[in-house]
Amino acid sequence: MFGPLPATGIFARHVRDLSVSDFNAAVQSKDARPGIWLNDVADADFFRVKLPPEAPAFKLHACSRFRSFDSPQHDDVKLEEVQEKTL
(Lines give C-alpha, C1' and ligand atoms only; values in the text may rest on other atoms or scores of the structure.)
Protein backbone atom coordinates (compact mmCIF):
# COMPACT_ATOMS: atom_id res chain seq x y z
CA MET A 1 0.00 0.00 0.00
CA PHE A 2 2.73 2.52 0.96
CA GLY A 3 5.82 0.90 -0.58
CA PRO A 4 9.10 0.54 1.29
CA LEU A 5 9.16 2.50 4.55
CA PRO A 6 12.20 4.64 5.48
CA ALA A 7 12.83 2.79 8.78
CA THR A 8 13.40 -0.81 9.84
CA GLY A 9 11.38 -0.44 13.05
CA ILE A 10 9.13 2.60 13.51
CA PHE A 11 8.17 5.35 11.09
CA ALA A 12 6.10 8.15 12.65
CA ARG A 13 4.88 11.28 10.88
CA HIS A 14 2.76 14.18 12.21
CA VAL A 15 2.54 12.71 15.71
CA ARG A 16 2.18 14.33 19.15
CA ASP A 17 2.91 12.66 22.50
CA LEU A 18 4.63 9.50 21.29
CA SER A 19 5.90 7.14 23.99
CA VAL A 20 7.74 3.89 23.23
CA SER A 21 9.26 1.58 25.82
CA ASP A 22 10.88 -1.87 25.79
CA PHE A 23 10.97 -1.97 21.98
CA ASN A 24 13.30 -4.37 20.16
CA ALA A 25 13.69 -4.42 16.36
CA ALA A 26 15.79 -6.99 14.51
CA VAL A 27 16.54 -7.59 10.83
CA GLN A 28 17.39 -10.79 8.98
CA SER A 29 20.05 -9.13 6.84
CA LYS A 30 21.95 -5.84 6.97
CA ASP A 31 19.73 -2.85 6.37
CA ALA A 32 21.05 0.72 6.03
CA ARG A 33 17.75 2.34 7.02
CA PRO A 34 17.58 3.87 10.51
CA GLY A 35 15.74 1.90 13.17
CA ILE A 36 13.33 4.76 13.93
CA TRP A 37 12.46 7.66 11.62
CA LEU A 38 10.49 10.59 13.01
CA ASN A 39 9.08 13.35 10.82
CA ASP A 40 7.20 16.28 12.40
CA VAL A 41 6.96 14.66 15.83
CA ALA A 42 6.60 16.53 19.12
CA ASP A 43 7.02 15.16 22.65
CA ALA A 44 8.60 11.80 21.81
CA ASP A 45 10.00 9.57 24.57
CA PHE A 46 11.92 6.36 23.87
CA PHE A 47 12.86 4.14 26.81
CA ARG A 48 14.92 0.91 26.60
CA VAL A 49 14.96 0.69 22.81
CA LYS A 50 17.20 -1.86 21.07
CA LEU A 51 17.76 -1.50 17.31
CA PRO A 52 19.99 -3.13 14.66
CA PRO A 53 23.59 -1.92 15.26
CA GLU A 54 24.69 -1.55 11.62
CA ALA A 55 22.46 1.48 10.93
CA PRO A 56 21.67 4.73 12.75
CA ALA A 57 19.23 4.34 15.62
CA PHE A 58 17.21 7.51 14.92
CA LYS A 59 16.61 9.85 12.00
CA LEU A 60 14.83 13.03 13.08
CA HIS A 61 13.27 15.68 10.84
CA ALA A 62 11.37 18.70 12.22
CA CYS A 63 11.04 17.27 15.73
CA SER A 64 10.67 18.91 19.12
CA ARG A 65 11.06 17.67 22.68
CA PHE A 66 12.71 14.32 21.83
CA ARG A 67 14.15 12.05 24.53
CA SER A 68 15.80 8.66 24.38
CA PHE A 69 17.13 7.07 27.55
CA ASP A 70 18.31 3.79 29.08
CA SER A 71 19.00 2.23 25.67
CA PRO A 72 22.01 -0.10 25.39
CA GLN A 73 23.33 1.23 22.05
CA HIS A 74 23.70 4.94 22.77
CA ASP A 75 23.92 7.53 25.49
CA ASP A 76 20.82 9.28 26.78
CA VAL A 77 19.69 12.07 24.46
CA LYS A 78 17.43 15.05 25.10
CA LEU A 79 16.73 17.54 22.30
CA GLU A 80 14.39 20.51 22.50
CA GLU A 81 14.20 21.36 18.79
CA VAL A 82 15.86 19.71 15.82
CA GLN A 83 15.40 20.31 12.12
CA GLU A 84 17.51 17.41 10.84
CA LYS A 85 19.60 14.96 12.89
CA THR A 86 20.79 11.38 12.75
CA LEU A 87 21.69 9.58 15.98
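A residue counts as buried when its relative accessible area is under 20%, as exposed when it is over 50%, and as partly exposed in between. That scale is used below for this structure, which is a predicted model. By it, Asp40 is partly exposed, because its relative accessible area is 23%.

Four strands form an open sheet in the order S1-S2-S3-S4, and their pairing is mixed. Strand S1 (10–24) and strand S4 (77–86) are the edge strands, each pairing on one side only. From one strand to the next, the twist averages 20°.

Strands of a sheet pair through backbone hydrogen bonds, either parallel or antiparallel. S1 runs parallel to strand S2 (residues 36–50), with 12 bridges between them. Within this pairing, Ile10 has Ile36 in S2 as its bridge partner, and Val15 has Val41. S2 also pairs in the parallel sense with strand S3 (residues 58–69), over 9 bridges. Here Ala44 stands opposite Phe66 in S3.

The largest nonpolar core holds 20 residues, and Leu18, Ile36, Leu38, Phe46, Leu60 and Phe66 touch the most other members. Each of S1, S2, S3 and S4 supplies at least two residues of this core. S2 gives the largest share, 6 residues. Phe46 shows how contacts reach across the sequence: leaving aside residues up to four places away, it touches Ile10, Leu18, Val20, Ile36, Leu38, Phe58, Phe66, Arg67, Ser68 and Phe69.

Arg67 and Asp45 form another salt bridge, at 2.7 Å from N to O. Because Arg67 lies in strand S3 and Asp45 in strand S2, the pair ties together parts that are 22 residues apart in sequence. Arg67 is partly exposed at 33% relative accessible area, and Asp45 is partly exposed at 24%.

The side chains of Lys59 and Glu84 also meet in a salt bridge, at 3.1 Å from N to O. Lys59 belongs to strand S3 and Glu84 to strand S4, 25 residues apart. Lys59 is buried, because its relative accessible area is 19%, whereas Glu84, at 44%, counts as partly exposed.

Notes:
Residues are numbered from 1 along each chain as its sequence is written. This is a predicted model: local features need pLDDT of at least 70, side-chain atom pairs count only at pLDDT 80 or more; totals for chains, interfaces and linings use all residues. Side-chain values use heavy atoms; hydrogens and water are left out. Two strands pair if DSSP finds at least two bridges between them. Axes are lines fitted to C-alpha atoms, for helices over the stretch in contact, and angles run from 0 to 180 degrees between N-to-C directions. A nonpolar core is a set of buried Ala, Val, Leu, Ile, Met, Phe, Trp, Tyr and Cys residues joined through side-chain atoms within 4.5 Å. Buried means under 20% relative accessible area, exposed over 50%, partly exposed in between (1.4 Å probe, protein chains only). Contact means heavy atoms within 4.5 Å. A salt bridge is a side-chain nitrogen of Lys or Arg within 4 Å of a carboxyl oxygen of Asp or Glu.
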